[in-house]
Protein chains: 2
Amino acid sequence: MNDHTLLPQVNIPANMIHLGLGQPTNSLLPLNDIKNAAAHALSVNNPFFLAYGKEQGNINFRETLAQFLTGQYAYTVGPDQLLITNGNSQALDFICTHFTHPGDTVFVEEPSYFLALKIFVDRKLNIVGIPMDGYGLDIDALKKFLNSKKPTFVYTIPAYHNPASVTLSLQRREELVRICSENNILLVADEVYHCLSYTEKPPPSMGYWADQCLLISLGSFSKILAPGLRLGWMQANSKLIQKLSKAGILESGGGFNPFTSEIVNSVIRSGILTTHINRLKDVYRQRIEVFVEQSTKSFPEQVVFQYPSGGYFIWVELPDYIDTKFLRQAAKTDNVDFLPGSFFSSKNRLKNYIRLSFAFYPKEILREGIKRLGNILLKHLS
Amino acid sequence: MNDHTLLPQVNIPANMIHLGLGQPTNSLLPLNDIKNAAAHALSVNNPFFLAYGKEQGNINFRETLAQFLTGQYAYTVGPDQLLITNGNSQALDFICTHFTHPGDTVFVEEPSYFLALKIFVDRKLNIVGIPMDGYGLDIDALKKFLNSKKPTFVYTIPAYHNPASVTLSLQRREELVRICSENNILLVADEVYHCLSYTEKPPPSMGYWADQCLLISLGSFSKILAPGLRLGWMQANSKLIQKLSKAGILESGGGFNPFTSEIVNSVIRSGILTTHINRLKDVYRQRIEVFVEQSTKSFPEQVVFQYPSGGYFIWVELPDYIDTKFLRQAAKTDNVDFLPGSFFSSKNRLKNYIRLSFAFYPKEILREGIKRLGNILLKHLS
């Protein structure tokens with residue numbers, strides 16, 4: 001039943017249900033579609049994708065991707081605005097190389113994606129967390145922080161935030177762009193969940209404002225196709241893309257991933273990607289329903305969370321006398337796990353939060369996990 | 001005849017023969033083998049290679065690679081000594097992140113691989129070129145330089161050097177390891193051409209000494225299979241590999257290239273890679289013969305070069321009154337091109353050298369290119 005034991009990066013006991021895991025199950029990885037796409041992509045005479053590629057990414061793939069994004073984002077994206085990456089983790093690393101020095105300050109949301117924080121720590125950056133609320137990054141708080149320190153860049157997860165699940169409102173997007181423009185600050189938007197909307201569409205992805213300020217929008221096939229492909233893109237003003245394409249690593253290596261790009265080119269052109277995204281949306285929508293239904297029954301009243309409208313996560317607030325790092329020990333004993341809120345804090349705060357995800361388990365295991373977690377919460381909440 | 005116009009990173013006029021290009025022709029990219037390997041790798045039930053992978057690289061692939069390298073290197077390589085990379089350019093970038101600060105010094109060979117130098121420039125490193133001779137890096141010169149400055153690391157290309165074609169002798173390898181050990185300096189060996197030996201075998205790859213000093217040996221599938229795969233490996237002491245595997249980018253991304261790793265796993269296990277390397281050796285051996293035969297006829301006597309015993313390159317010395325940057329202009333007019341020596345110098349020296357390669361063109365085009373270059377040389381050498 002639990003096929004997670006077969007996944008390389010997941011190392012948990014067989015009876016454990018780990019509600020914190022932010023990745024798709026084996027059954028949601030479209031092996032057969034990718035197999036067919038590979039067979040198609042490799043049935044050609046000219047193996048240009050086996051040679052050193054264009055620094056920016058090969059043009060045929062950027063054209064396909066631009067067309068796909070134009071459909072998903074509902075505004076025109078051009079191939080000259082795209083640089084192909086090895087996914088958002090690598091893109092963040094690349095951005096650090098080209099914009100930061102050790103000791104520089106970066107503003108992140110509080111909470112933020114904990115492994116992005118680790119990438120910034122590896123670059124010896126000074127991480128400052130800016131508060132969020134139900135509409136995303138708190139712009140007034142951002143302004144206050146700017147009075148004391150100017151960051152090299154602001155890192156934001158605008159749609160279906162990891163872990164907070166909220167989406168930055170249109171008005172705040174516009175304000176954020178204006179502030180970054182006025183202060184000449186790079187805005188880095190991690191839009192990896194943007195295409196996974198289950199109820200209403202989010203505001204335009206941040207790439208929409210790429211000509212208004214120094215801005216890089218990061219997208220990835222990790223959540224909409226398969227993380228093991230290590231394929232994604234940067235979207236930015238074409239002049240900035242040209243500049244970044246001159247990096248030594250790109251000239252030497254010949255683009256970040258020409259081979260996989262060509263296989264994904266086939267996946268997109270055949271229409272499979274759009275079909276697959278729609279399937280993911282259906283599956284995740286149903287899992288959210290199970291989550292809401294079962295948690296309503298199993299969780300004590302003091303537990304607060306927002307019904308997710310997209311992405312992977314549910315950010316659960318517990319009473320402030322709870323430290324979820326300790327609660328986690330008790331949970332593990334009862335074979336259920338989650339990620340404690342402090343993981344996502346740049347200041348070791350948010351101790352009364354937990355991150356849950358509905359992406360990993362099929363409905364019935366998810367339901368059982370929520371029951372187990374509910375029992376733990378009932379025991380520990382007064 | 002010239003299928004290079006189909007390669008994304010190659011942008012030269014149709015009638016030009018560019019003898020400086022360091023990459024294989026389309027006809028040497030084993031499209032059909034990779035197609036079969038992909039079909040095989042993707043015909044399984046468990047798509048673990050589509051999920052986030054192990055930080056270090058998935059174990060089944062590391063086991064296959066360790067076995068392959070044990071055969072190629074003629075000493076035992078273990079899977080715990082390997083970390084899978086996106087090729088040597090990315091590995092160098094990763095090493096810079098984890099070992100250097102802007103302003104640090106790195107020792108390179110003079111000459112060295114020009115695009116590695118660009119990666120170091122992007123990291124704002126202070127590049128110091130150490131002289132070479134016919135046996136590789138000049139160890140006495142290295143010692144002298146060490147008296148005035150200790151580098152963060154030494155970057156060397158020990159076998160079939162790019163561009164100098166020479167191979168570091170066994171005795172010098174041992175001395176280099178001893179010096180790095182005594183001075184606690186990281187030794188980074190770019191061994192991308194090690195497996196492409198055409199006459200006699202080179203001394204053991206530097207990974208052989210991985211327990212003797214802080215050392216990382218870089219290998220890649222770019223020259224022995226296909227550069228577009230963006231797949232390679234680091235070989236080091238297993239403790240160092242463990243430490244590097246904890247990088248934020250690897251934890252977040254789940255290994256550098258799990259999908260392509262699994263396809264190349266099939267290529268190796270089926271025996272295709274060894275067969276392909278043997279084919280490459282045959283082809284390149286024949287091209288070297290053509291090169292030597294035709295250049296003996298066409299080049300003036302003052303032109304000096306060493307018969308290459310492996311790798312891709314011929315490093316040609318011209319009389320010291322020649323500046324090959326200017327000579328290049330004349331050559332291009334006559335539809336032949338090369339890379340001027342100054343590209344490979346950290347000090348804008350080596351102006352009377354040119355880098356040629358026999359890897360890119362089939363024999364008859366290579367012959368024609370050498371004839372054209374010979375005519376240019378005859379005109380400009382007194």
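I looked up a salt bridge between the chains: A:Glu251 pairs with B:Lys118, and their closest N and O atoms are 2.6 Å apart. The term requires a side-chain nitrogen of Lys or Arg within 4 Å of a carboxyl oxygen of Asp or Glu. I noted the count between chain A and chain B as two salt bridges.

The model is predicted, with local features needing pLDDT of at least 70 and side-chain atom pairs pLDDT 80 or more, while totals for chains, interfaces and linings use all residues. Residues are numbered from 1 along each chain as its sequence is written, chains are lettered from A in the order in which they are written, and side-chain values use heavy atoms, with hydrogens and water left out.

Next I checked the extent of the contact (heavy atoms within 4.5 Å). Chain A gives 66 residues and chain B gives 66 residues. I read that 100% of the interface residues of chain A are also interface residues in chain B, so the copies meet through the same surface.

I then looked up the buried area, which is the accessible area (1.4 Å probe) that two parts lose on being put together, summed over both. Chain A and chain B bury about 5,500 Å² between them, with 61% of it on carbon and sulfur atoms.

Last, I checked how the copies are related, superposing by least squares on the C-alpha atoms of residues with pLDDT of at least 70 in both. A rotation of 180° with 0.0 Å of shift along its axis places chain A on chain B, at RMSD 0.0 Å. I wrote this down as the relation of a two-fold axis.
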